[in-house]
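The stops below follow one another, each with something to select.

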Amino acid sequence: MKTMKIIGYILAGVQLFASIAAIYLAMSTKLVPTKFGVLGTIALLLVFGVVVLLARMRKKGARIAAIIIALFMIVVLLIGCYFVSVANKAMDDVTGVTVEVDEVNVYVAKDDVISSINEAVANAYVFGTVTTDDTTHISETIDKINSDLGTTITTKEYDTIFDLIADFEAGNIQSIISSSGTILVLDSTEDYLDYSAKLKKIMETTYKEELAAEEEKEVDLDHFCVYFSGIDTFGSVTVRSRSDVNIIGVVNNKTKTVLLLSTPRDYYVPLSINGKKDKLTHTGIYGIDCSTKTLEDFYDTDISYYVRVNFSGFQSIIDKLGGIDVDSEYAFTSETQEGTYSYVQGMNHLNGEEALGFARARYAFTDGDRQRGRNQMLVIKATIEKLESSEMLKNYGAIMDDMDGSFQTDMKKEDIGYLVQSTLSGGNWKVLTCSVSGSDSTQVCFSLGQSAYVMEPYTNDVTYATNLIDKVLNGDEVTQDEINQYLETRTLDETSGTDTGSDPE
């Protein structure tokens, strides 16, 4: 009997230690409201007290109960500590990110017998570069080749990527030095669709850059804007790439309202880096700062944070959540490289691949990129809703692991914690969605150096969206019905090139 009493005390001590560790780890995530932490501490101390009390009793059954309860609590608390540690590490990895990677590669033709930079230099290859790339990193790559191989390579500079490719195919140059982002842009053009499949990478250089540091300013976490940039590629989310999804999240924590404002990827906008016009999607190859500042200038608003999401990485997260439920506006079929997927009008339960196909569909709609933007917001909303379900708890560790590499933000963990805590304490959010539109056109794009399809913004749409941002931030009442009414009654004035919807005064 005395032995059982001692075992009970020892296990109670281990239980107390595990309780302290669990509370410490939970509070260190910055996600748990203080009152919840206090209540949790009180509850764990009460259980600890019960175990000690039972262990002190003379009855054998009481001491056995103390041992069983203590063992159970220890196992539960240690499992909890593990999951919280995983979450904490994932949060540390994906938050407060102020580093971006520019990937510069050396390419040759896929069927070229050359397989290394050494062979290319030994065979006196001529290397082509384009002025619309980040010329600093291109020059550094050339210097690295010259330094490593003790030579001076021959290079030829072009004003556009199309001029470079024309000379490459004519045999006037045998190799290309370019950022991976520029090649992705080429891949999306009609005449050179998926051109990267014809190339072979023989050298890869990455440049890590600190994002432009602004003057330290206090962000009002109850009223702010965050830029969501969605990258529809495989690979690291930190690498500069086209931004295929461009959504400004307007957050009013006091009214618990979020406005998701989608801007089409082909919107023809002035680049923040030089004032030259290009597609919005192309701002991504010049860095997240360029995309953010371009949208700030365009909507005349401050954007405090960015969030980058790799949609391809999202696929495994959705699978681990057991799929998502999306209410589709239309019945349609989406054809991608991964397969062909069909969707019904109304509710669709989608796995990761199907959700990606849903978000990628563009040519299935007469509205093209406009509808794709709306579908992408539906996928994001459905994923957020599923993250609040029990499936999140069942697969917590695996989901948090998948976040690393497919999600990053410059928001601090403390800032996210404040929003989560206020949500737990203050109720559910009202999520509004709106998308601007425009007219089809062909204009010169800076990154391409020649004309391409673009979407000329509807002036009234931009004005409406700008006013809508202000209304949400100011705490004015806004409903989805009001937004839908504007979008449904909007008509295009063919003579002026602007739409004639009314502003949200």
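Which element gives the largest share of the lining of the largest cavity? It is α11, with four residues. Helices (H or I, at least four residues) and strands (E, at least two) are DSSP runs, numbered from the N terminus. A cavity is a set of points on a 1 Å grid over the protein atoms alone where a 1.4 Å probe fits but cannot get out, and lining residues have an atom within 4 Å of a point.

Before you select anything, note that this is a predicted model: local features need pLDDT of at least 70, side-chain atom pairs count only at pLDDT 80 or more, and totals for chains, interfaces and linings use all residues. Residues are numbered from 1 along each chain as its sequence is written, and side-chain values use heavy atoms, with hydrogens and water left out.

**Stop 1: the largest cavity**

Select D244, V245, N246, S262, T263, P264, R265, D369, R372, G373 and Q376; they line the largest cavity. It holds about 50 Å³ of space. A volume here is the space filled by probe spheres set on the points, with grid points joined across faces, edges and corners. The elements that give two or more residues to this lining are β7 and α11 (369-387). The structure has six cavities of 30 Å³ or more.

**Stop 2: the six-stranded sheet**

Now show the strands in the order β16-β11-β6-β7-β8-β17, which make an open sheet with mixed pairing. Two strands pair if DSSP finds at least two bridges between them. At the edges stand β16 (407-409) and β17 (430-435); each has a single partner strand, so one side of each is left without a neighbour in the sheet. From one strand to the next, the twist averages 20°. Axes are lines fitted to C-alpha atoms, for helices over the stretch in contact, and angles run from 0 to 180 degrees between N-to-C directions.

Zoom in on β7 (residues 245-252) and β8 (residues 257-262). They pair in the antiparallel sense over six bridges. Pick I248: its bridge partner in β8 is L261.

Contact means heavy atoms within 4.5 Å. Helix α15 (residues 459-474) lies across β6, β7, β8 and β17, at about 35° to β7.

**Stop 3: strand β11**

Is β11 mostly covered or open? Mostly covered: six of its six residues are buried. Buried means under 20% relative accessible area, exposed over 50%, and partly exposed in between (1.4 Å probe, protein chains only). In a regular strand the side chains alternate between the two faces of the sheet. Colour Y305, V307 and V309 for one side, and Y306, R308 and N310 for the other; all are buried.

Six bridges join β11 to β6, and the two run parallel. F228 has V307 as its bridge partner in β11. Toward β16 there are three bridges, and the pair runs antiparallel.

**Stop 4: the cores**

Select F224, I324, L350 and F358. Of the 38 residues in the largest nonpolar core, these touch the most other members. Such a core is a set of buried Ala, Val, Leu, Ile, Met, Phe, Trp, Tyr and Cys residues joined through side-chain atoms within 4.5 Å. Not counting residues up to four places away in sequence, F224 touches V219, G249, V250, V251, S304, Y305, M411, L419 and L473. Apart from this core lies another, of 30 residues, among them Y227, L259, V462 and Y464.

**Stop 5: W429**

Go to the loop between α14 (413-426) and β17, where W429 is found. W429 is partly exposed, with a relative accessible area of 24%. Its C-alpha atom is 4.8 Å from that of K256, 173 residues apart along the chain. Beyond its neighbours within four places in sequence, W429 contacts V251, N252, N253, K256, T257, V258 and T423.

**Stop 6: the five-stranded sheet**

Finish with β3-β2-β4-β1-β5, an open sheet of five strands with mixed pairing. Its edge strands are β3 (154-158) and β5 (199-210), each pairing on one side only. Strand β2 (residues 126-130) pairs with β4 (residues 175-179) in the parallel sense over two bridges. Select F127 to see it opposite S175 in β4.

Methods: On a 1 Å grid over the protein atoms alone, a cavity is a set of points where a 1.4 Å probe fits but cannot get out, and a pocket is an open set with protein on both sides within 12 Å along at least five of seven lines; lining residues have an atom within 4 Å of a point.
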